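Consider how the parts of this protein chain are arranged and what lies between them.

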Amino acid sequence: MKTLEDLTSIEQMEADTAKLKEIACSVCAETWEDRNKKQTPHCKFGEDGICCKNCSMGPCRITPKASRGICGADAHAIAARNYLRTIAAGTSAHSDHAREILHILHGASRDGNYHVRDEQKLLRLAQEWEVATEGRDIYDIAHDVAEVGLMEFGKIHGNQRFIKRATAERQKVWHDQGIEPRAIDREIATSLHMTHMGNSADPEALVRQGLRTGISNGWGGSMLGTEITDILFGTPTVRTTEGNLGVLEKDMVNIVVHGHDPAFSEMVVTAAEIKELVDYAKSKGAKGINIVGLCCTANEVAMRHGVRMAGNFLQQENAVLTGAVEMMCVDVQCIFPALAPLSECFHTKFVTSSPIARIPGSIYVEFKPETAFEQAKGLIKMAIDNYQSRDRSKVFIPSTKQTAVVGYPTEQIIKHLDGVTNSHVDEIGSYRPAIDAIKAGVLRGAVAIVGCNNPRVRPDYSHFEIMKELLQNDILIVATGCAAQLATKAGLLNKDAKYVCGAGLRRVCELVNIPPILHMGACVDISRMMLLATGIAKDWGVDTTQIPVVGCAPEWMSEKAVSIANYVVSTGIDVYLGIEPQVRGSTQMMDLITQGTRNIVGAGYIINKDPHELVKSILEGIEAKRAGLGI
Ligand code: SF4
Ligand code: MSK
């Protein structure tokens, strides 16, 4: 790869989708494109956030002739309450995911299905939480750490433990503003209580609670999820893999793992490697078993096992449409219920595994930690048995795929930076080389690009345009979630992608031996980005709000994304959005989320649907931060 032309363009990706769409038509299957058409134009009241159904006197809608609901709530109160409910739902999703992982750690044992893979990380966390380690069995420590972690959800007194990891300045802001998060479940419950009929109607109070609830996610639930997942399955390391639908194999049993919680997919990946099952697949005429990932489960297993990634959110139906998927195994979040009727048009077995995500028409195999490995083996056998049912006349696997280098948690980033300065002992374990490059102007700054893709804009286009332009402007990118998957599909996670960068960033990539976009994981791992920004700020001797680092979610769609945006803003980092939050019906709310939060936490949203305009704002924002630091 030497030029932009070597990347996979959005047009190429769309051409693959168009061919798969023809297959959908031929089997009379509906896809998100069809449903999107039928839903357009969207309900204006919903779009503007001014429909309330929080009690049965309603629903009430704000119109020119009805400026208040029956109880007297105005557009600002209604939009703010809806916004806070969105944050509460997003926080609940990430945090409940973390709770499940903590329960797995709690039950981990030497002879069980789940083990402690990163003992050092467990010991560091035990020390941070003052759990005794001296002379104790690692599984006893794991048990106690899990207990302490689980208490974070319902503790009676005190705040989230991880907020002590933030800069001292940030902690003071949260304290002074009264938004230090208490128990995670309490912040979610308080949000629902505040928005219950007859409670808060003050948009600022509701936005403040949104920030607090967001922090309970980013510096609570999500951070717990990431830490404990690393302890259980290993802290990710740099791996080379591939991405896009071309990773499906025409002569192998294809199993797609999709969702977010790696407890399930880890077992599937491990079971697929056992000889007995590989031999069984061969006995059925396949060349082997091919496990691939979708959405954030893909990010999890790619970073820890190098498992290849079939694509991001809006590509989930495309995987089934290839006609080559024997089984789609899902866990939680971002799963289309549409996969059930679609799978029926093919031979695909659609398997759900969590009581959190029950979908009519799926095969439900409730995943239990005690029997996880045996269940995974059973599912793989079911997929193998299904291989012979594949109708080869219906198979079309696009050949498009790209090589990707993934697996850059903060630990790996520091390790790579250390490689540059290993002659300076005092600098080992610091972000100094990155800071020096930013100070010198070789790098102008960094942008965290995160989030989903969304039919409200041309899917993946905004991600791609923003990424290319930022790289050309010497901005280092860190990515998670479906944004990272787009970078994978495009070829931007390839180390050779440095050829599309400006001279400064290219030099840094060569020196540090990294691709210009660092894949940091799943959407729950945006907490890693908070620690990265905090590490840089601490080494710089400033607060996170001062460094030339911003967040960007050009195509977000989920409630989790709104919760994330709230903890990123609370961390003092501006968030650039390509999709407007649904509060436009309230001028007060638009003002609060773009300006008002700046008076509370020093950051806010900048919203623009046009990716090029958004890049312009990002570059201006980064240059303003640089000027503020006198560089
Ligand atoms: Fe209408 Fe008020 Fe009930 Fe909402 S809470 S539905 S605005 S009466
Ligand atoms: S999977 S939340 S579509 S990033 Fe995390 Fe992708 Fe967004 Fe789901």
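The text below takes the domains and then the pocket.

This is a predicted model, in which local features need pLDDT of at least 70 and side-chain atom pairs count only at pLDDT 80 or more, while totals for chains, interfaces and linings use all residues. Residues are numbered from 1 along each chain as its sequence is written, and side-chain values use heavy atoms, with hydrogens and water left out.

The protein chain divides into domain 1 (71–233), domain 2 (245–394) and domain 3 (403–628), with bounds from an automatic or database domain assignment. Between the centres of domain 1 and domain 3, taken over C-alpha atoms, lie 23 Å. Contact (heavy atoms within 4.5 Å) joins 40 residues of domain 1 to 40 residues of domain 3. About 3,300 Å² is buried between domain 1 and domain 3, and carbon and sulfur atoms give 64% of that area; buried area is the accessible area (1.4 Å probe) that two parts lose on being put together, summed over both. Tyr83, Arg170 and Leu211 supply 19% of what domain 1 buries against domain 3, more than any other three residues.

The largest pocket holds about 1,200 Å³ of space. A pocket is an open set of points on a 1 Å grid over the protein atoms alone where a 1.4 Å probe fits, with protein on both sides within 12 Å along at least five of seven lines; lining residues have an atom within 4 Å of a point. Of the 41 residues that line the largest pocket, Asn454, Arg456, Trp556, Met557 and Gln582 are the closest to its centre.

Terms used
Chains lettered and ligands numbered in written order. Points joined across faces, edges and corners; volume = space filled by probe spheres on them.
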